[in-house]
Amino acid sequence: MKLVQMRINDRRILKLIRKWLGAGVMEEGTVRRSDLGTPQGGVISPLLANIYLNYYDQMWEKHGKGVGELTRYADDMVVVCKTKKEADHAYKLICTIMERLELTLHPTKTRIVGLWTGEEGFDFLGMHHRKTKAETSQGNVYFTTQQWLTKKAEERIREMVKERLAPPSSRSRSFEEQVEWLNPKIQGWRNYYYTNYSQRRLAKMDWYILQRLTRWYAKKRQRRNWMGSFQEVKYIAKQIGLKTLL
């Protein structure tokens, strides 16, 4: 709140933020309140994280700029270093700054990853980053850092599509209604996850969406063999204008 008050002096806004901080979270129908931190999943939590961790950014600019390149989004961050020695130094520096902020690093998510050999990669904001071989049109091999959607992101997309199309209650909806619901989601996923290196995975997601749509359609038409409806659904989807990730 002291950091917020450095920029805001409107008492009504400050009072509202205090209420947000004290609201707590609901777990299995029970409200759990906390004396520290921001409510997990709260709409204002990322903004408050940015305000609180602005101090971290300032300390990094002062003491860590020569050690590695920092990229931070709310409470998620990556520091890219050139050597293992610099990475170890960066880790110690991050721990020191976090201790001053009375914060702790996530014990399993926080780790040093070596990208040099291509055997390891890291996930950041729904994308997996890894050093891999690539080839030019002339056949020359070179190494580059490639990005594609994470397994967790794939699972989230599958779950969302399944939740919409699998329940028996969804059979009352029309094909047009399903496509109307799917299209903005597909466009958003494509805008975020599409890279030159994620095409194979996005193609799998397209197949999954079409498969789920076919299963829904077969049950709606009371057909036992859903695969027999695949080509029909593919044609109808194209006619109506179902978007694709790839």
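The accessible surface of the protein chain comes to about 17,200 Å² (Shrake-Rupley method, 1.4 Å probe). Carbon and sulfur atoms contribute 50% of this surface. The model is predicted: local features need pLDDT of at least 70, side-chain atom pairs count only at pLDDT 80 or more, and totals for chains, interfaces and linings use all residues. Residues are numbered from 1 along each chain as its sequence is written, and side-chain values use heavy atoms, with hydrogens and water left out.

Of the 246 residues of the protein chain, 34% count as buried. Buried means under 20% relative accessible area, with a 1.4 Å probe and protein chains only. Among contacts with a separation of 6 or more, 47% link residues 24 or more positions apart. A contact requires heavy atoms within 4.5 Å.

The protein chain has eight helices and seven strands. These are DSSP runs numbered from the N terminus (helices H or I, at least four residues; strands E, at least two). The radius of gyration is 24 Å, well over the 18 Å that the globule rule gives for 246 residues, so the protein chain is more spread out than a compact globule. This radius is taken over C-alpha atoms; the rule is 2.2 Å times the number of residues to the power 0.38. Along its principal axes, the C-alpha trace spans about 65 × 60 × 30 Å.

An unreviewed UniProt entry annotates residues 1-129 as "domain: Reverse transcriptase". Such annotations may be inferred rather than shown by experiment. Over residues 1-129 the chain is 40% helix and 18% strand. The end C-alpha atoms of this stretch are 36 Å apart.

Three strands form an open sheet in the order β5-β6-β7, with antiparallel pairing. Strands β5 and β7 (141-149) stand at the edges, each with a single partner strand, so one side of each is left without a neighbour in the sheet. Neighbouring strands of this sheet are turned by 35° against each other on average, direction ignored. The angles are taken between lines fitted to C-alpha atoms.

Strands β5 (residues 121-124) and β6 (residues 127-135) run antiparallel and are joined by four bridges. Pairing requires at least two DSSP bridges between two strands. Gly121 stands opposite Arg130 in β6. Phe122 has His129 as its bridge partner in β6. The hairpin of β5 and β6 has two residues between the strands. In this hairpin, Leu125 takes a positive phi near 55°.

How values were computed. Buried means under 20% relative accessible area, exposed over 50%, partly exposed in between (1.4 Å probe, protein chains only). Axes are lines fitted to C-alpha atoms, for helices over the stretch in contact, and angles run from 0 to 180 degrees between N-to-C directions.
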